[in-house]
Number of protein chains: 2
Amino acid sequence: MADITAPAQVSVPAPAAPDFSGWTCPAPLRDLPRIVMGHGGGGALSAELVEHVFAPAFAGPALSGLGDSAHLELGGARMAFSTDSFVVRPLFFPGGSIGDLAVNGTVNDIAMSGARAAYLSCGFILEEGVSVEVVARVAEAMGAAARTAGVEIATGDTKVVESGHGDGIYVNTAGIGLIPDGVDIRPQRAVPGDVVIVSGPIGQHGVAILSVREGLEFGVEIQSDCAALGGLVQTMLDVTRDVHVLRDPTRGGLAASLNEIAAAAGVGVVLQENRVPVPPEVANACAILGLDPMYVANEGKLVAFVPRGEAEAVLAAMRAHPLGAGAAVIGECVEDHPGMVVARTALGGTRVVDLPLGEQLPRIC
Amino acid sequence: MADITAPAQVSVPAPAAPDFSGWTCPAPLRDLPRIVMGHGGGGALSAELVEHVFAPAFAGPALSGLGDSAHLELGGARMAFSTDSFVVRPLFFPGGSIGDLAVNGTVNDIAMSGARAAYLSCGFILEEGVSVEVVARVAEAMGAAARTAGVEIATGDTKVVESGHGDGIYVNTAGIGLIPDGVDIRPQRAVPGDVVIVSGPIGQHGVAILSVREGLEFGVEIQSDCAALGGLVQTMLDVTRDVHVLRDPTRGGLAASLNEIAAAAGVGVVLQENRVPVPPEVANACAILGLDPMYVANEGKLVAFVPRGEAEAVLAAMRAHPLGAGAAVIGECVEDHPGMVVARTALGGTRVVDLPLGEQLPRIC
């Protein structure tokens, strides 16, 4: 496990290219006739649904891979536009609620384009019989999170479904924000030589949800890291507008985000496993539960690909921001093994960090 | 019932003001501790939820009464931004599907600001076990509806909930579109003297859903009127940019829309009941079922408040458009009884057309 208090080492030694010549893509994705939980997990099954069902049906020039925020032109302005539905269970958990997630999740998707979310929409699907007080507490959490993030909830809708056809409260948010001039942040821009930075310790959100859902205790209460990252991104852009890629590793965790970037840009990613910051309590919980922290969801962290020459300054700026205090360089982008993420283990070995099939924990956001 | 083939009579005789001096607002809304189906019905209970729960929690300058599209400024452009969730059951019905509704519903909300929807987001909440083929058919319907409406589905998200926590497929869409220069269409702009026009026969969508849901037959199959109204609105704006109010009478029907406009603008509305176009098969079905067509949902109709001097030209332009062929003048806006909608019956009497409490039929969109 990494010591996250250790000083950052920006210079990542160039690794000898590992030999993956015999490696092939995972077996062709299953031809499932029915939706399974994994289709909502942000991994390979989700990607299959987008590739084979949604993308052909919706095909249009702006469709930027469903799940990312789209980059649009409207009235001469460049905008990021994104949506997320939230079905997390329980509705309230250590460190946040479905209301916080619903605001921060969409704010963060937009921030990953370098944009500051300006307006959110909010759609509730309420289950008949849910307490109005619970709805009010969720709405208050959304309002507070929106004020913290500096975004305005501008429009909304409420539907009610019969008891037994929902789970208390589902929330959808969509959001729009302006992309600043000179900023072009998207997965396709990762290039060999880029330094990979994570903004802090990973795995807290997923483990926090699991611990309260299953009534597990791990000695200390693990809080969700749920937070809005627009301010942290602004701090990074103040150092350089040439940030190549930003991604918030939610469903599927850091592993899914890095795999998506590697695939989109046609580059390889090499991680130094022992530099990936994992809080001891998350590592302990994962060890007990048989989870890999690399695959556990976060909601207040980002992973950045920045040019090597800018990495030190960007890292310093991140560390000076409250939401980036635990930022660390965890690896680099390479020409070898395009589309593949490889971790160098503490013992000097290497392992492939695959795209997960589904999510280890469903209903996590 | 009105003969919708009769030539339109634009000149509405100014009625003698009815005496409603003894009339009071409906009893204070119930202090319900739990969500009931009516909270999603677009009537008084929905309004109560917005007023007492969402508006105080979210309060911000752009919050334009949740349920309307919001009018925003972003990057120097004036935009309409709106969202709707769709929980209709069954997923497929005569004349459309949840996919058509999800596109047209949000496109129409935006059109009611005079804007042409440019981009949509799309959030699916799928229930574990639903057939992938059904998901694909819904996605295809959305793609086709989007192409017809000239809008692009630009970004999306999919979540999966366990079997028993959903109802096959729920869809949320949010959309944005530019408001043309010189156009300012909102409920508050209704003024005494405005002529009230409906774009065609009402009640088809709600009755179509009900007939297939309950296995009822009324001699002829009643098809949903589900359609995108952006083109019809453009046709109207080509006549005059000074359209005062547009509204698509969905949940709660024409009655809810007119009440909301009357309340927002502080004006009275007088309808000529026998001029409201109701198709004979809808009237028959409503008579059998004890429904009032004024309260039944539509999804391809609009109601417009236009200055008297422009009404004739606007009506002619609407009638020349395929989606406005059945357009009719149904009443006018008056100074008397502000906030109240009154219908003059065929027999010469008057009745108050109240804001419904909930919706006569749940899960209609």
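User: What makes A:Asp84, A:Arg251, B:Asp157 and B:Lys159 a network?

Analyst: In this predicted model, salt bridges link those four residues, A:Asp84, A:Arg251, B:Asp157 and B:Lys159, to one another as a network. Over all chains, the structure holds 28 salt bridges.

User: Why is the contact of B:Arg251 with A:Asp157 called a salt bridge?

Analyst: The cut-off is a Lys or Arg side-chain nitrogen within 4 Å of an Asp or Glu carboxyl oxygen. For B:Arg251 and A:Asp157 the N to O distance is 2.8 Å, so the pair passes. This one crosses between chains: B:Arg251 sits in the loop between strand E9 and helix H6 of chain B, while A:Asp157 belongs to strand E6 of chain A.

User: And why do B:Arg251 and A:Asp157 count as buried?

Analyst: Buried means under 20% relative accessible area. B:Arg251 comes in at 17%, so it counts as buried. A:Asp157 has 6%, so it gets that label too.

User: How do you know that B:Arg363 and A:Glu162 join two chains?

Analyst: Just look at where they are. B:Arg363 is in the segment after strand E14 of chain B and A:Glu162 is in the loop between E6 and E7 of chain A, so their link runs from one chain to the other. The closest N and O atoms of this salt bridge are 2.1 Å apart. Both B:Arg363 and A:Glu162 are buried.

User: What makes the salt bridge of B:Asp225 with B:Lys301 a tie between parts apart in sequence?

Analyst: Here the closest N and O atoms are 3.0 Å apart. B:Asp225 lies in the loop between helices H4 and H5 of chain B, and B:Lys301 in the loop between helix H7 and strand E11, so the bridge ties together parts 76 residues apart in sequence. B:Asp225 has a relative accessible area of 9%, so it's buried. B:Lys301, at 8%, counts as buried as well.

User: Is B:Ala316 buried, partly exposed or exposed, and why?

Analyst: Exposed needs over 50% and buried needs under 20%. B:Ala316 has 48% relative accessibility, so it's partly exposed. You'll find B:Ala316 in helix H8 of chain B. From B:Val239 it is 77 residues away in sequence and 9.6 Å away in space, C-alpha to C-alpha.

User: How many cavities of 30 Å³ or more turn up, and what lines the largest cavity?

Analyst: The search of the whole structure finds two. The largest cavity holds about 80 Å³ of space. It has 13 lining residues, and the closest to its centre are A:Val160, B:Gly40, B:Pro362, B:Arg363 and B:Ile364. The lining of the largest cavity splits into seven nonpolar, two polar and four charged residues.

User: What makes up the lining of the second largest cavity?

Analyst: Six nonpolar and six polar residues, with no charged ones. The lining includes A:Tyr170, A:Asn172, B:Tyr170 and B:Asn172. Strands E5 and E7 of chain A and strands E5 and E7 of chain B each give two or more residues to it. The space inside the second largest cavity is about 50 Å³.

Notes:
Residues are numbered from 1 along each chain as its sequence is written. Chains are lettered from A and ligands numbered from 1 in the order in which they are written. This is a predicted model: local features need pLDDT of at least 70, side-chain atom pairs count only at pLDDT 80 or more; totals for chains, interfaces and linings use all residues. Side-chain values use heavy atoms; hydrogens and water are left out. On a 1 Å grid over the protein atoms alone, a cavity is a set of points where a 1.4 Å probe fits but cannot get out, and a pocket is an open set with protein on both sides within 12 Å along at least five of seven lines; lining residues have an atom within 4 Å of a point. Grid points are joined across faces, edges and corners, and a volume is the space filled by probe spheres set on the points. Ala, Val, Leu, Ile, Met, Phe, Trp, Tyr, Cys and Pro count as nonpolar, Asp, Glu, Lys and Arg as charged, and the others, Gly among them, as polar. Helices (H or I, at least four residues) and strands (E, at least two) are DSSP runs, numbered from the N terminus. Buried means under 20% relative accessible area, exposed over 50%, partly exposed in between (1.4 Å probe, protein chains only).
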